[in-house]
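The sequence and structure come first.

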Amino acid sequence: MWLPYASTTLIGMELLSALQQFDHRLFTRVFRQGERRMIRPLARALSHSGDGYLHVLVPLLLLLLGAEDLGAFCALLVAALAIERAVYWLLKNSLKRRRPQDYMPGFRSLITASDQFSFPSGHSSAAFLLATTLWIVYGGPVIAMYLWASCVAMSRVILGVHFPGDTVAGALMGSSIALATASHLGLI
């Protein structure tokens with residue numbers, strides 16, 4: 001049955017509102033978990049590890065180890081990162097979702113974010129892109145990288161700079177871009 005435009009718009013707005021309320025409640029629960037001993041220092045370290053340094057250090061380490069398929073890995077990583085950073089920037093600056101501290105009165109994040117808006121999480125996107133790129137080129141032994149990427153995403157919530165939905169969207173975006181780029185390059 002066809003619904004008038006106003007009805008479908010209202011349903012869509014109600015759905016988005018419900019998702020946002022869920023995201024805010026989940027944020028509060030996760031952020032409070034960070035109050036446990038040693039969680040926040042660990043979250044700071046994990047968040048910092050997602051600043052992009054590993055995107056340079058991993059290829060250098062693979063070079064030092066004499067890894068096969070280094071050229072394919074680097075080509076995929078560079079191409080996927082170029083696309084991911086462009087999409088990330090466009091989405092973040094078009095959607096302009098406010099960060100938790102800008103949305104919730106009296107709340108202060110534990111670190112200062114590097115940019116103004118929250119959606120999607122660039123740290124999560126880049127971390128999952130790196131993990132997916134490693135998986136595509138080198139296979140199974142990179143489960144630790146997905147664990148690391150998940151911890152980077154969680155750290156961004158624990159430190160109060162992202163809502164959980166921001167990190168999930170970033171994870172999906174980074175992984176999808178790596179997979180699509182690999183497909184385009186004929187690697188999968």
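## A helix with a buried face

Arg 40, Ala 43, Leu 46 and Ser 47 are buried in helix α2, residues 39-49. Buried means under 20% relative accessible area, exposed over 50%, and partly exposed in between, with a 1.4 Å probe and protein chains only. Helices are DSSP runs of H or I with at least four residues, numbered from the N terminus. Viewed down the axis of α2, the buried residues fall within an arc of 120°, so they line one face of the helix. The arc is taken from the directions from the helix axis to the C-beta atoms. An α-helix has 3.6 residues a turn, so residues three or four places apart point the same way.

## Basis of the model

This is a predicted model, in which local features need pLDDT of at least 70 and side-chain atom pairs count only at pLDDT 80 or more, while totals for chains, interfaces and linings use all residues. Residues are numbered from 1 along each chain as its sequence is written, and side-chain values use heavy atoms, with hydrogens and water left out.

## The largest pocket

The largest pocket has a volume of about 570 Å³. Of its 25 lining residues, Leu 19, Asp 23, Arg 97, Phe 119 and Gly 165 are the closest to its centre. A pocket is an open set of points on a 1 Å grid over the protein atoms alone, where a 1.4 Å probe fits, with protein on both sides within 12 Å along at least five of seven lines; lining residues have an atom within 4 Å of a point. Grid points are joined across faces, edges and corners, and a volume is the space filled by probe spheres set on the points.

Helices α1 (5-33), α7 (143-158) and α8 (164-184) each supply at least two lining residues, and α1 gives the most, with 10 residues. The lining divides into 16 nonpolar, 6 polar and 3 charged residues. Ala, Val, Leu, Ile, Met, Phe, Trp, Tyr, Cys and Pro count as nonpolar, Asp, Glu, Lys and Arg as charged, and the others, Gly among them, as polar.

## The second largest pocket

The second largest pocket holds about 240 Å³ of space. Among its 18 lining residues, Gly 50, Asp 51, Arg 85, Gly 122 and His 123 are the closest to its centre. The lining has 4 nonpolar, 7 polar and 7 charged residues.

Phe 119 and Pro 120 are joined by a cis peptide bond, with omega about -5°.
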